Amino acid sequence: ERMRMMNEKVIKLSDADEVCDFVRAAGMCDFDIDISDQRMVIDAKSILGVMGLGVQKELTVKYGGENVSFENVLNKYVV
């Protein structure tokens, strides 16, 4: 199996509604998605985890799969 490309985007979620929108989209994907600030890496499908990272700051999303609706949601929040 060839190495899958990791996609990486920097996003900013400004409030709880945006966090829910993002986590819902991540949850639809059949591949792992990590979201991180400078200090820790969290599973992007965990609402509490993503909330814990905080809003109004730049977060890095890394994922190794393709899902058009996830990409569409992600692109709304790209910095």
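Predicted model: local features only at pLDDT ≥ 70, side-chain atom pairs only at ≥ 80, totals over all residues.
Me: Why is Lys 62 called partly exposed?
Reply: Lys 62 has a relative accessible area of 36%. Buried means under 20%, exposed over 50%, and partly exposed in between (1.4 Å probe, protein chains only). Residues are numbered from 1 along each chain as its sequence is written, and side-chain values use heavy atoms, with hydrogens and water left out.

Me: What makes the pair of Glu 8 and Lys 62 a salt bridge?
Reply: The side chains of Glu 8 and Lys 62 meet at 3.8 Å, N to O. A salt bridge requires a side-chain nitrogen of Lys or Arg within 4 Å of a carboxyl oxygen of Asp or Glu, so this pair qualifies. Glu 8 belongs to strand E1 and Lys 62 to strand E4, and the pair links distant parts of the chain, 54 residues apart. Helices (H or I, at least four residues) and strands (E, at least two) are DSSP runs, numbered from the N terminus. Glu 8 has a relative accessible area of 54% and is therefore exposed.

Me: How do you know that Lys 9 and Glu 71 form a salt bridge, and which parts does the pair tie together?
Reply: The closest N and O atoms of Lys 9 and Glu 71 are 2.9 Å apart, and the pair is accordingly a salt bridge. Lys 9 is in strand E1 and Glu 71 in helix H3, so the bridge ties together parts that are 62 residues apart in sequence. Lys 9, with 22% relative accessibility, counts as partly exposed.

Me: What makes a group of residues here the largest nonpolar core?
Reply: A nonpolar core is a set of buried Ala, Val, Leu, Ile, Met, Phe, Trp, Tyr and Cys residues joined through side-chain atoms within 4.5 Å. The largest such set in this model has 22 residues, and Ile 11, Phe 22, Ile 33, Ile 35, Val 61 and Phe 70 have the most contacts inside it. At least two core residues are supplied by each of helix H1 (16–27), strand E2 (33–36), helix H2 (47–53), strand E4 (58–63) and helix H3 (68–77). H1 gives the largest share, 5 residues.

Me: Which residues does Ile 11 touch?
Reply: Contact means heavy atoms within 4.5 Å. Leaving out residues up to four places away in sequence, Ile 11 touches Phe 22, Ile 35, Lys 57, Glu 58, Leu 59, Val 61, Leu 74, Tyr 77, Val 78 and Val 79.

Me: How do you know that the buried residues of H3 lie on the same side?
Reply: The buried residues in H3 are Phe 70, Val 73, Leu 74 and Tyr 77. They cover an arc of only 100° around the axis, and therefore lie on the same side of H3. The arc is that of the directions from the helix axis to the C-beta atoms. Strand E1 (7–12), H1, E2 and E4 are included in what covers these residues. The face turned away from the buried side carries the exposed residues Val 68 and Lys 76.

Me: Why is Thr 60 called buried?
Reply: Thr 60, in strand E4, has 18% relative accessibility and therefore counts as buried. Beyond residues up to four places away in sequence, Thr 60 touches Glu 8, Lys 9, Val 10, Asp 34, Ile 35 and Ser 36.

Me: Why is Asn 72 called partly exposed?
Reply: Asn 72, in helix H3, has a relative accessible area of 48% and is therefore partly exposed. From Asn 72 to Arg 24 the C-alpha to C-alpha separation is 13 Å, and the two are 48 residues apart in sequence.
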